[in-house]
Amino acid sequence: MDLKVNKIMVLVPFRNVGEYLIDCVNSLLDQEYSSYEVFLLDDQSTDGTLDLIVEEFNHIHKIRNHRRMGPMENIYRALLDIPIDDEDIVLLLDGDDYIFGEYAFQLVNERYQGNNLLTYGQYITNYGTIGHCSAYTEEEFRDVRSASWKGSHLKTFKYKLFKALQEQDTEGKHFKLGDGSFFMASSDMGIMIPLMEVAGFENINFIPNVVYCYRQHQNNDHMSVSGRSLQIEAERCIRNRKTDLIGMF
């Protein structure tokens with residue numbers, strides 16, 4: 001049976017990753033899959049990161065923020081501003097990481113042949129360490145905000161799922177701290193948990209294949225006291241928030 005070829009919209013948020021962005025983009029260009037577009041979201045880099053991508057590709061778009069936003073708001077604004085169709089798959093890739101293997105997009109597309117709305121998966125670090133992810137059990141999913149965090153790389157979702165979330169949360173409060181500012185860290189958890197709550201357990205798929213490389217380096221948030229503090233603040237807010245979201249599928 002012929003598979004439906006879904007369009008994959010790749011959002012790549014970053015700031016000052018000049019050492020790594022070329023590897024990231026090359027991993028996308030190496031994909032044995034033709035139906036995708038890439039949006040490089042430069043969050044006011046000061047190291048000329050975006051200018052390193054000198055070749056012009058019709059399916060790779062460069063966006064420079066006019067102000068510093070942080071990864072969470074960067075992704076949120078892109079989802080609102082970029083033309084994306086309901087059935088398109090949104091794929092999140094940090095600019096200092098890269099896709100592992102040239103058939104990753106094909107694998108993701110296979111998981112969206114039915115009613116699936118969201119995937120998460122296992123990853124490997126640049127030191128060869130396998131990540132912490134595994135499939136949520138149905139019991140864990142009933143209180144996903146309290147469960148061990150597993151919804152990490154590779155993260156994808158149907159755009160219509162984000163739209164369904166927007167219908168319930170028009171101001172994006174689930175992506176923000178109590179003071180109304182967007183999370184400046186822990187954006188993976190910040191975006192995936194509310195999306196999972198709206199999708200429902202039966203419409204989520206864990207991909208055990210390792211198709212994502214998480215690059216560990218000295219500028220990772222957890223490597224500094226201030227960055228780790230931002231992570232803890234955001235995670236505490238996410239986990240303690242009593243969700244008012246309703247599954248819509």
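Mentor: Keep in mind that this is a predicted model. Leaving aside residues up to four places away in sequence, S186 touches Q231, A234, E235 and I238.

Trainee: Where is S186 found, and is it buried or exposed?

Mentor: S186 is found in the loop between α5 and α6, and it counts as buried because its relative accessible area is 19%, where the cut-off for buried is under 20%.

Trainee: What about the backbone there, what is phi of S186?

Mentor: Phi of S186 is near 55°, which is a positive value in a residue other than glycine. N16 is another case, with phi near 55°, and N16 is found in the loop between β1 and α1 (21-29). N16 is partly exposed, with a relative accessible area of 26%.

Trainee: How far does α7 reach from its first C-alpha to its last?

Mentor: Helix α7 runs over residues 225-240, which is 16 residues, and it reaches 22 Å between those two atoms, close to the 22 Å expected at 1.5 Å a residue.

Trainee: And L230, which residues does it touch?

Mentor: L230, which lies in helix α7, touches M184 and A185, again not counting residues up to four places away in sequence. The C-alpha atoms of L230 and A185 are separated by 5.6 Å, although the two residues are 45 apart along the chain. L230 itself is partly exposed, with a relative accessible area of 35%.

Trainee: Switching to helix packing: at what angle do the axes of α5 and α6 cross?

Mentor: The axes of α5 and α6 cross at roughly 90° and come within 9 Å, so α5 is roughly perpendicular to α6. The contact is made by L161, F162, A164, L165 and Q168 from α5, together with P194, L195, V198 and A199 from α6. By class, the residues of this contact of α5 with α6 divide into 8 nonpolar, 1 polar and no charged.

Trainee: And α2 with α5, how far apart are their axes?

Mentor: Helix α2 (residues 71-81) and helix α5 (residues 159-168) have axes 11 Å apart and pack at an angle of about 100°, and they are therefore roughly perpendicular to each other. Y76, L79 and L80 of α2 make the contact with Y159, F162 and Q166 of α5, and by class this contact has 5 nonpolar, 1 polar and no charged residues.

Trainee: Which residues of α2 are buried, and what covers them?

Mentor: The buried residues of α2 are M72, E73, N74, I75, Y76, A78 and L79. What covers them includes the strands β1 (8-14), β2 (36-42), β4 (89-92) and β8 (155-158), as well as the helices α5 and α6.

Conventions:
Residues are numbered from 1 along each chain as its sequence is written. This is a predicted model: local features need pLDDT of at least 70, side-chain atom pairs count only at pLDDT 80 or more; totals for chains, interfaces and linings use all residues. Side-chain values use heavy atoms; hydrogens and water are left out. Axes are lines fitted to C-alpha atoms, for helices over the stretch in contact, and angles run from 0 to 180 degrees between N-to-C directions. Helices (H or I, at least four residues) and strands (E, at least two) are DSSP runs, numbered from the N terminus. Angles under 35 degrees count as roughly parallel, over 145 as roughly antiparallel, 65 to 115 as roughly perpendicular and the rest as oblique. Contact means heavy atoms within 4.5 Å. Ala, Val, Leu, Ile, Met, Phe, Trp, Tyr, Cys and Pro count as nonpolar, Asp, Glu, Lys and Arg as charged, and the others, Gly among them, as polar. The expected span of a helix is 1.5 Å times one less than its number of residues. Buried means under 20% relative accessible area, exposed over 50%, partly exposed in between (1.4 Å probe, protein chains only).
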